Amino acid sequence: MIAYGFSEYGGPDTEHLFDLPVAEPGPGQILVAVHAAGVNPADWKVRAGNRKDTVQITLPAVLGREVSGTVVAAGSGVVDFPIGDHVFGATDAGFGGYAQYTVLNASSTAHKPEAVSWAAAATLPVAAGTAYDALQRLHPVVGDSILVLGAGGGVGSAVLQLARADGIDVLAVASVGKREWIESLGAEFVESGPDFVDAISRPVTGIVDLVGGATLRAAATAVTAGVPIVSVADPVSAAQFGGSGVERDRSTAAFARLADLTASGVLCPRIDHVFPLERAGEALALVENGHVLGKVVVEVR
Ligand SMILES: NC(=O)c1ccc[n+]([C@@H]2O[C@H](COP(=O)([O-])OP(=O)(O)OC[C@H]3O[C@@H](n4cnc5c(N)ncnc54)[C@H](OP(=O)(O)O)[C@@H]3O)[C@@H](O)[C@H]2O)c1
């Protein structure tokens, strides 16, 4: 099969198309013919070696952690995902998504509703799932106002959609090119930049951070002390302000809930950039640039 990955830790120059054997699914695993793969910042961070302590890989490694596809084989013990089913999920440890075939852990796989496109389904496990888990952790209630840092990216835009659907007021920090879209999602736009905290128009009851570093520290310093903070980009800085990271739920039940929210229109992943597998490097470069709008997808078949 054709797959896109990297041969050693480093920059984009370590990325290649590979010709690899198709894996056999082990117990509890399914093999899928990939239709689409989501592209995330974690992909280049793994390639760069930033995740060596937490993500175990064997080189050469295939990039990508989430796909949608059709089940073509199932390992022992898998009963819920027979051959031919349309599914999406998080790839199992050691397997990448930018490939014609990949292996999913059945316990991190859900069925793709007909109403959800292959591309949209491929973006749910990482970005939408992280957004859902971050809001579960922050637990805002109707009447709360939350500040979202990095609101126009994959996770941020899903946070906006989920929060607004629950009646939460959102102040969304992003670059000016994303203003119109953010406002169309029902959030108040706050332009990012060195003085963005001056434009925060009212008190907030919580912060969801998808940027980290100086941006998170500026926001945390500006808001009332003790306001809860969750950060998926920089849990260490968040902890300095009494905040936390986000524990992920990659279960079938969690992914099925995301599928329902997408089928019902609550979640509507914006996918402006779709690249064929042969051009997966361009897809990842766009995300690595750090200012993407919505989600980027690699379309495999
Ligand atoms: N722990 C986890 O499980 C987990 C899961 C998913 C993601 N993450 C992390 O969460 C972060 C966000 O992920 P993502 O998928 O949403 O990334 P993304 O799609 O690349 O979006 C990041 C967004 O941040 C914005 N941004 C960059 N610098 C900014 C600044 N100074 N102020 C305000 N906004 C800024 C970017 O656009 P503009 O500046 O152009 O507005 C972009 O829209 C990444 O660090 C990722 O690794 C962690």
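**Strands, domains and a ligand shell**

Colleague: Which residue in E2 stands opposite Ile2?

Modeller: This is a predicted model. Strand E1 covers residues 2-6, and it pairs with E2 in the antiparallel sense over five bridges. In E2, the residue opposite Ile2 is Asp19.

Colleague: Which strands stand at the edges of that open sheet?

Modeller: The sheet is open and has three strands, in the order E2-E1-E4, with antiparallel pairing. An edge strand has a single partner strand, so one of its sides is left without a neighbour in the sheet. The two strands placed this way are E2 (15-19) and E4.

Colleague: Where is Pro60 placed?

Modeller: The peptide bond from Leu59 to Pro60 is cis, with omega near -5°. Most peptide bonds are trans. As for its place, Pro60 sits in the loop between H1 and strand E4 (61-62).

Colleague: What is the phi of His139, given that it is not a glycine?

Modeller: Most residues other than glycine have a negative phi. His139 lies in the loop between H3 and strand E8 (145-149). His139 is not a glycine, yet its phi is positive, at about 55°.

Colleague: How many bridges join strand E3 to strand E7?

Modeller: E3 spans residues 29-39 and E7 spans residues 101-111; the two run antiparallel. The number of bridges joining E3 to E7 is five.

Colleague: Which residue in E7 is the bridge partner of Val87?

Modeller: Strand E6 holds residues 86-91 and also pairs with E7. That pairing is antiparallel, over four bridges. Val87 has as its bridge partner in E7 His111.

Colleague: What distance separates the centres of domain 1 and domain 2?

Modeller: The domain assignment gives domain 1 (2-123 + 269-299) and domain 2 (127-240). They touch: 10 residues of domain 1 are in contact with nine residues of domain 2. Taken over C-alpha atoms, the centres are separated by 27 Å.

Colleague: Which residues around the ligand come nearest?

Modeller: The shell draws at least three residues from each of domain 1 and domain 2. There are 23 residues around the ligand. The nearest are Lys45, Gly154, Ser175, Lys178 and His291.

Colleague: What share of the ligand's accessible area does the protein cover?

Modeller: A backbone N or O atom of Gly153 lies 3.1 Å from an oxygen atom of the ligand, and a polar backbone atom of Gly154 is 2.8 Å from a ligand oxygen atom. From the side chain of His291, an N or O atom is 2.8 Å from an oxygen atom of the ligand. On its own the ligand has 910 Å² of accessible area, of which the protein covers 83%.

Colleague: Which elements give two or more residues to the shell around the ligand?

Modeller: Gly154 is one of the residues that come nearest to the ligand. The elements that give two or more residues to the shell are helix H1 (41-47), helix H3 (124-138) and helix H4 (154-165).

How values were computed: Residues are numbered from 1 along each chain as its sequence is written. This is a predicted model: local features need pLDDT of at least 70, side-chain atom pairs count only at pLDDT 80 or more; totals for chains, interfaces and linings use all residues. Side-chain values use heavy atoms; hydrogens and water are left out. Two strands pair if DSSP finds at least two bridges between them. A residue is near a molecule or strand if one of its heavy atoms lies within 4 Å of it. A polar contact is a pair of N or O atoms within 3.5 Å; within protein, one must be able to donate a hydrogen and the other to accept it, and residues adjacent in sequence count only if both atoms are side-chain atoms. Accessible areas come from the Shrake-Rupley method with a 1.4 Å probe; for residues, only the protein chains shown count as cover. Domain bounds come from an automatic or database domain assignment. Contact means heavy atoms within 4.5 Å.
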